[in-house]
Amino acid sequence: MLRALIYILPLALTIFAFIDCLNTPEDEAKHLPKIAWVFIILLFWIVGPIVWLAAGKVRHAPAGGAPSEWARGRRSTWVAPDDNPDFLNSLKDGDKKDADRTAGSTQDADRTDAEARLAEREADLRRREEELKRRESGSGPQDPTPPAA
């Protein structure tokens, strides 16, 4: 059992360090390029992973406050407006304000439209009544143009 640990523990450490190195962005690898660290980890079976874990990677945020390449790749902003709950709430609030604002003007516009239609119908009715009176009296229509429908 102890003999198996002598092989399994360094193998597990190597696999962990290898995966950690592959997942580390290029700008967070210290001292050497990332590909060099991969070769060191794989060639120097016990020492390579330990050196990588001790000195090969920046373990805290960079001093300048600039995010790493990996952190820049993650989206910290909304991709589309319909993904942003604040934007959707502002739309709902805007709809409520517009509905309140236009409720009065919509009713006024409906009244004016209805009044205009009523006036047109009354004028049409008067015109038809005059035509009927002319026909009944025996005299033909005075203007030769047919009435508009």
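Aspartate 124 and arginine 128 meet through their side chains in a salt bridge, with 3.4 Å from N to O. A salt bridge here is a side-chain nitrogen of Lys or Arg within 4 Å of a carboxyl oxygen of Asp or Glu. The model is predicted: local features need pLDDT of at least 70, side-chain atom pairs count only at pLDDT 80 or more, and totals for chains, interfaces and linings use all residues. Residues are numbered from 1 along each chain as its sequence is written, and side-chain values use heavy atoms, with hydrogens and water left out.

The structure holds six salt bridges. Three of them are listed below.

| Aspartate 124 | Arginine 128 | 3.4 Å |

Aspartate 124 and arginine 128 both belong to helix H5 (residues 85-137), where four residues, about one turn of the helix, separate them. Helices are DSSP runs (H or I, at least four residues), numbered from the N terminus. Glutamate 131 and arginine 127 also both lie in H5, four residues apart. Likewise, glutamate 130 and arginine 134 are four residues apart in helix H5, which means about one helical turn between them. An α-helix has 3.6 residues a turn, so residues three or four places apart point the same way.

The accessibility of these residues is classed as follows: buried means under 20% relative accessible area, exposed over 50%, and partly exposed in between (1.4 Å probe, protein chains only). Glutamate 131 counts as buried because its relative accessibility is 18%. In the remaining pair of the table, glutamate 130 is partly exposed with 45%, and arginine 134 is partly exposed with 21%.

Salt bridges also join residues into a network, which links Asp124, Arg127, Arg128, Glu131 and Arg135.

Helix H2 spans residues 34-43, and its buried residues are Lys34, Trp37, Val38 and Ile41. These residues lie on the same side of H2 because they cover an arc of only 105° around the axis; the arc is that of the directions from the helix axis to the C-beta atoms. The buried residues of H2 pack against helix H1 (2-23) and helix H3 (47-56), contact being defined as heavy atoms within 4.5 Å. On the face of H2 turned away from the buried side, Ile35 and Leu43 are exposed.

Terms used:
Helices (H or I, at least four residues) and strands (E, at least two) are DSSP runs, numbered from the N terminus.
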